Amino acid sequence: MPSSDSSSAREVMHQVLAVDTGSPAAARRALWRRLPGLGLAAQATDDLVLAVNEAVSNAVCHAYPAEREDAAVQLTVEVGPNPDGVDCVIVTVADIGRWRPVPERPRYRGHGMPLMQACTDWMDIESGARGTTVTLASPPLVAV
């Protein structure tokens, strides 16, 4: 998946979240404070908040073993061009934990990535020895 040109993106917010059950709610509150006025349609705002909630929840629930002291989730919001060069809101959720593959038969789990993809214009997941970064992009911004 192509990524945005970070040299022309403008950071709107950066927050370090603890790895605990309250972090998804903290991310939602932070987004509700920062997203209004950026030019997102109401439905796109709702969808982006839902997608970020899922990405933060995944990092909290799956990225770290319980004993890891440096565990944190980085949440960054930028306004910048999508791969087509159109301005949108780009959110990254990053951890330095480990990747867990989606189970073959997820039962009640394993639906987060399709949910995030359905709620955003594009999504990218990069995972490796240094952690996982989920990048989510809204639909193009509308005039404010």
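First, a definition: two strands count as paired if DSSP finds at least two bridges between them. Helices (H or I, at least four residues) and strands (E, at least two) are DSSP runs, numbered from the N terminus. This is a predicted model, where local features need pLDDT of at least 70, side-chain atom pairs count only at pLDDT 80 or more, and totals for chains, interfaces and linings use all residues. Residues are numbered from 1 along each chain as its sequence is written, and side-chain values use heavy atoms, with hydrogens and water left out.

Now the sheet. In β3, Val-89 is the residue opposite Val-79. β2 and β3 run antiparallel and are joined by 8 bridges. In what order do the 5 strands of the open sheet come? The order is β1-β2-β3-β5-β4, with antiparallel pairing. β1 and β4 (122-128) are the edge strands, each pairing on one side only. On average, neighbouring strands are turned by 15 degrees against each other, direction ignored. Axes here are lines fitted to C-alpha atoms, for helices over the stretch in contact; angles run from 0 to 180 degrees between N-to-C directions.

On to the helices. α1 packs on the sheet and touches β1 and β2. Its direction makes about 160 degrees with that of β1. Contact means heavy atoms within 4.5 Å. α2 also packs on the sheet, touching β1, β2, β3 and β5. The direction of α2 makes about 15 degrees with that of β3.

Next, the inside. Buried means under 20% relative accessible area, exposed over 50%, partly exposed in between (1.4 Å probe, protein chains only). A nonpolar core is a set of buried Ala, Val, Leu, Ile, Met, Phe, Trp, Tyr and Cys residues joined through side-chain atoms within 4.5 Å. The largest one has 31 residues. Leu-35, Val-52, Val-89 and Leu-136 have the most contacts inside it. Two or more residues come from each of β1 (10-17), α1 (23-34), α2 (42-62), β2 (73-81), β3 (87-95) and β5 (131-137). α2 gives the largest share, 9 residues.

Take Leu-35. Beyond its neighbours within four places in sequence, its contacts are Leu-40, Thr-45, Leu-48, Val-49, Val-77 and Val-89. Thr-45 sits in helix α2. Is Thr-45 buried or exposed? Buried, because its relative accessible area is 9%. Setting aside residues up to four places away in sequence, Thr-45 touches Trp-32, Leu-35 and Leu-40.

Last, α1 again. Its buried residues include Ala-27, Ala-30 and Leu-31. The buried residues of α1 pack against β1, α2 and β2.
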